[in-house]
Amino acid sequence: MLELQSISKTFNPGTVNEVRSLRGVSLDLAAGSWVIIIGTNGSGKSTLLNAVAGTFFVDQGHIRLAGREVTKWPEHARAKLIGRVFQNPFSGTSPSLTIQENLSLAARRGRRRGLGWGLKESLVARMRDEVGRLNMGLEDRLENAIGSLSGGQRQALTLLMATWLRPELLLLDEHTAALDPKSADRVIDLTEQVVTREKLTTLMVTHSMHQAASLGDRLIMMHRGQILHDFQGAEKRRLRPDDLLARFEDIRRAEQLDESAALMLAEQYV
Amino acid sequence: MNLLIGTFTIGCILSLLALGVFISFRIFAFPDITADGSITLGAAVAATLMVRGVSPLLASLAGFVAGMLAGATTGTLFTRFKINPLLSGILVMTALYSINLHIMGKSNVPLLTVTTLATQSERVGVQLMGGATSFNLAGWDVSVRDASVLVAVALVVALTGVLLYVFLRTNLGMAMRATGDNVQMIRALGVNDANMVVFGVAISNGLVALSGALLAQYQGFADVGMGIGMVVWGLASVIIGEALVGTNQVGLTIVGAVMGSVLFRLLVAVALRWGLSPNDLKLITAVFVFFALVIPRFLRKKRLRNAHA
């Protein structure tokens, strides 16, 4: 479904702020698989998601999605195939528009927008159903501006918007990191429901080792712009949060070793 | 009384300017000062066409289209060539000064002997009144010409307002509003935000130019200098409108912009009556907008400080 062929991205090349965010990442995602991505800060996990979404063009490599070569497609063109939920609950919705206006925008994701009336009777009826299923009491507040809602409510709505038209690929970028624990649980519940019901191919970045261990059918661990581990099948199912923490500890030790080794060499030879 | 009617008429005409400024400044948060040039452009195109014998309605629509082209140019400078929005507007506005002179062929085109929307509505008005040239309204003597022009202008503004309201609730219009609100989201929903900005600034300047076309017909001439300071004027109207009706609903904000424009014109008329020199008008307007922008922020800070204390 999604095929990444050794993609690389360097930000601010040739300056002191040069960051090699992605260093030849390759990944092959089967249709319907739910891949969790974890990694240290700055490991490139969000950059990987943005590369797929088309926020920027990659320097090298190819991105194929649903049988199409999308490497050179601009962000808004890829949106036809991709649904997204961002880390920041404010990023996914338009605050001054009402709930129903936001949803009606999502109902035409990647389609032509003309002078047709945005809020058709049948569409609003479906909105009331679907928003009601969120169990947040929002179905009677469809005409309220989204700006008046809490982060959890907005994130639940963003998820609904991202999946209103079935996307070929769902991108979740730490979409519960900014929420309080209760809202985070609720949004994770909703995520699990929609991903399993619609059999969505999903890439999900998370900070939570608990989510990483309990969700998805494949887990990728990133470090310094590369994929370090790739757990699938039975191996993924056996993973516990403690195992993942142990892996992070390994990375930390390896880093320290690198540094002290460099120091030792410097002392001896310089 | 006739003075009052004239004030209302100009207020209504300039409310189209206010609607244009509302679209660029408020919906897109795009500080577009092309308007100073495009209001003259609308006047120049309409006046020149009418002098050549084109029907006033067609000439006004041509002014609208010319304004849209100017706005699209500004939008393109910003989106395609990544020029700062203010500078994009300044460039197009400056270029328009020469273009307007070329269109008119001189710095001022009089319309006193030409059929305009004003003379047409006067004729209809006189016919409806059975040939009378003035009538009595609550003890005041009102000229039929002035009254019928006001009614005609009010109809145009009402129609434009309704069309704009409907448009902003279509799929395309909602995508435009969301573009100004949250670019990241609208891209993720598959909208080319650059196109939206170009189109939105085009509509904005189309309305501004239409306002200029009507203004030229009302005052009886188009002048190359008539656009100076008009953006600030429109902004003042929008700010007053927001103070009157708030910013929560699109429909209300449109009504607010129109009300703000009329009210602002009324304030200006009163100030002039009290002896304010017309030379100081733009200075006073600028100072007014300054305070209108600063005071809300000042009040908010004060409220925050009180809340903490």
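A43(B) is in contact (C-beta atoms, placed from the backbone, within 7 Å) with G212(B), A213(B), L215(B), A216(B), A222(B) and M226(B), leaving aside residues up to four places away in sequence. This is a predicted model, in which local features need pLDDT of at least 70, side-chain atom pairs count only at pLDDT 80 or more, and totals for chains, interfaces and linings use all residues. Residues are numbered from 1 along each chain as its sequence is written, while chains are lettered from A and ligands numbered from 1 in the order in which they are written.

**Nonpolar core**
- The largest nonpolar core has 156 residues, and the members that touch the most others are I37(A), L17(B), A43(B) and A47(B). Such a core is a set of buried Ala, Val, Leu, Ile, Met, Phe, Trp, Tyr and Cys residues joined through C-beta atoms within 7 Å.
- Helix α9 (residues 193-219) of chain B gives the most to this core, with 15 residues. Helices (H or I, at least four residues) and strands (E, at least two) are DSSP runs, numbered from the N terminus.

**Six-stranded sheet of chain A**
- An open sheet of 6 strands runs in the order β6-β7-β8-β3-β9-β10 (chain A), with mixed pairing; two strands pair if DSSP finds at least two bridges between them.
- β6 (82-85) and β10 (226-232) of chain A are the edge strands, each with a single partner, so one side of each has no neighbour in the sheet.
- From one strand to the next, the twist averages 15°. Axes are lines fitted to C-alpha atoms, for helices over the stretch in contact, and angles run from 0 to 180 degrees between N-to-C directions.
- Strands β3 (residues 34-39) and β9 (residues 218-223) of chain A are paired in the parallel sense over 5 bridges. I37(A), also named above for the core, stands opposite I220(A) in β9(A).

**Four-stranded sheet of chain A**
- A further open sheet contains 4 strands in the order β2-β1-β4-β5 (chain A), with antiparallel pairing.
- Its edge strands are β2 (19-29) and β5 (68-69) of chain A, each of which pairs on one side only.
- Strand β4 (residues 60-65) of chain A pairs with β5(A) in the antiparallel sense over 2 bridges, and R64(A) stands opposite E69(A) in β5(A).
- Helix α1 (residues 45-53) of chain A packs on this sheet, touching β1 (2-11), β2 and β4 of chain A, and its direction makes about 65° with that of β2(A).

**Positive phi in chain A**
- Most residues other than glycine have a negative phi.
- N135(A), in the loop between α4 (121-133) and α5 (151-164) of chain A, has a positive phi near 60°. N135(A) is exposed (12 or fewer other C-beta atoms within 10 Å, against 20 or more for buried and partly exposed in between; C-beta atoms are placed from the backbone) because its count is 12.
- E174(A) has a positive phi of about 45° and is found in the loop between β7 (169-173) and α6 (181-198) of chain A. E174(A) is buried, because 20 other C-beta atoms lie within 10 Å.

**Contact between the chains**
- The contact takes 26 residues from chain A and 19 residues from chain B.
- On the side of chain B that touches chain A, α7 (171-181) and α8 (183-188) of chain B are the elements giving two or more residues, and α7(B) has the largest share, 7 residues.

Technical notes
Two residues are in contact if their C-beta atoms, placed from the backbone, lie within 7 Å.
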